[in-house]
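Please read the points below with the structure open beside them.

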Amino acid sequence: MQQQQQQHGQVDSFKKDREEWSDTAICALLDAYTEKFLQLNKGNLRGKHWQEVSNMVSMRCQGQKSMKTIEQCKNKVDSLKKRHKVERTRMENTGSTTSQWPWFSKVEQIVGSAPKLSVLLEDDTSMVIKPDKQKGAMRQRRPNCSLGFHTKTKILQPRWQRVLLKVSGDALAGDRVQNVDQKITLLVAKEVASAMRLGVEVAVVVGGGNFFRGANWVGTSGLDRASADHIGMMATMMNAVILQASFESVGIKARIQTSYTMTQVAEPFSSKKAIRHLEKGRVVIFGGGTGNPYFTTDTAAAIRAAELKAEIILKAANIDGVFDCDSNFLEHVSFRELAMKGLSALDAEAMSHCERHNIPVMLFNISEPGNVVKALTGERVGTLIDQTGKFV
Ligand code: UDP
């Protein structure tokens, strides 16, 4: 009886909760809280931070009945965290990777896998992978992988099994003191290592714009477009060699493949061999673009993703994602809508290839620590572009 009363009480409090907090208000609260939380390096918010959160929520909810006090914001964050915990347990028990609860991914950023993953980044050696004894494809053995932590054993299920990471040359240039910023290459290597330890297979297509972009040089010193593009393709090879070294410096085996023959540093491209490398837990770096002038490494990424049956292209750039012409950030948008707005995340050829072959694309900022590993494991960072443009 007492239990029943408690349950009724809970239901009533959920109802009350819903009445008091509109979706706009919850969204504003989570945005404001997450922003502060990240600014504080995932530390606890103090009085003045809560005051700012409450101000931000009230500001975004102007015109709605109630303003939100610090106390209300704190209580709401607590109740959202509790609700998230229930949802996570349900997902773990049912083996589900998606949630119908609309706030799941936002709250996940605060209490979910993100902090755990960043811990892994700082101390990769604390994580032990125990693959099963079975030889053969990673796709078959992944469900049997268990991740052991020193403290407690937790199985984290990344969303993707195989991804194609497109790293543009500009992104590698970082603060541009030199063409390549080693902070960025190391960051990429460490975060790819963390994702791979969770079982994600990672293929990389690297650009070369930080060194040379063919189109910009046509006419200079008598260069025609094709010759300029050949130099551009060689530039991508320089980045490929640098990235390979960075991966190896953090203990990842990496192979370079190219359609632009350079046998001293790279294997010739072979999709079958590339897949074998991935299955054996190696990163494959594709340099040399498509091997043809007049193309870009975005197009190479789209083609390789289809050949390798990668589930998504993750484009690491030095921007946060796609903004529309009114400076609104687009979190999730369809290929069609993006094209209609005259916007893009990859070059036009690459985009239409991805749309035709139903390969989603996520554009995100590489220089934000944690973003690469989040993207690789399936957290939403930046802008997601796919067929529907609708959250599922
Ligand atoms: N490139 C090419 N064919 C390809 C890929 C690249 O000719 O299939 C040349 C082209 O000149 C391009 C340069 O390589 O400007 C660097 O590639 P990209 O511009 O795609 O690099 P990113 O912008 O990703 O740094």
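**Note on the ligand and its pocket**

1. The second largest pocket holds about 500 Å³ of space. The model is a predicted one, and the ligand sits in this second largest pocket.

2. The lining of the second largest pocket is made up of 29 residues; those nearest its centre are Gly208, Gly209, Arg213, Thr296 and Thr297.

3. Several elements each give at least two residues to the lining of the second largest pocket: helices H8, H10 (214-217), H11 and H13 (297-308), and strand E8 (312-317). Helix H11 provides the largest share of this lining, with five residues.

4. The shell around the ligand has 20 residues, and the closest are Gly169, Arg213, Asp229, Thr290 and Thr297. This shell divides into twelve polar, four charged and four nonpolar residues.

5. Which helices each supply at least two residues of the shell around the ligand? They are H8 (169-173) and H11 (225-249). The largest share of the shell, three residues, comes from H11.

6. Particular polar atoms may be located next. A polar side-chain atom of Asp229 is 2.6 Å from an oxygen atom of the ligand. A polar backbone atom of Gly214 lies 2.9 Å from an oxygen atom of the ligand. A polar backbone atom of Phe295 lies 3.1 Å from a nitrogen atom of the ligand. On its own, the ligand has 520 Å² of accessible area, and the protein covers 93% of that area.

Conventions: Residues numbered from 1 in each chain as written. Predicted model: local features only at pLDDT ≥ 70, side-chain atom pairs only at ≥ 80, totals over all residues. Heavy atoms only, no water. Near = heavy atom within 4 Å. Polar contact = N/O pair within 3.5 Å; in protein donor to acceptor, adjacent residues only side chain to side chain. Areas by Shrake-Rupley, 256 points an atom, 1.4 Å probe, with all protein chains shown as cover. 1 Å grid on protein atoms, 1.4 Å probe; cavity = no way out; pocket = protein on both sides within 12 Å on 5 of 7 lines; lining within 4 Å. Sits in = over half its atoms within 2 Å of the grid points. Helix = DSSP H or I, 4+ residues; strand = E, 2+ residues; numbered from the N terminus. Nonpolar A, V, L, I, M, F, W, Y, C, P; charged D, E, K, R; others polar. Points joined across faces, edges and corners; volume = space filled by probe spheres on them.
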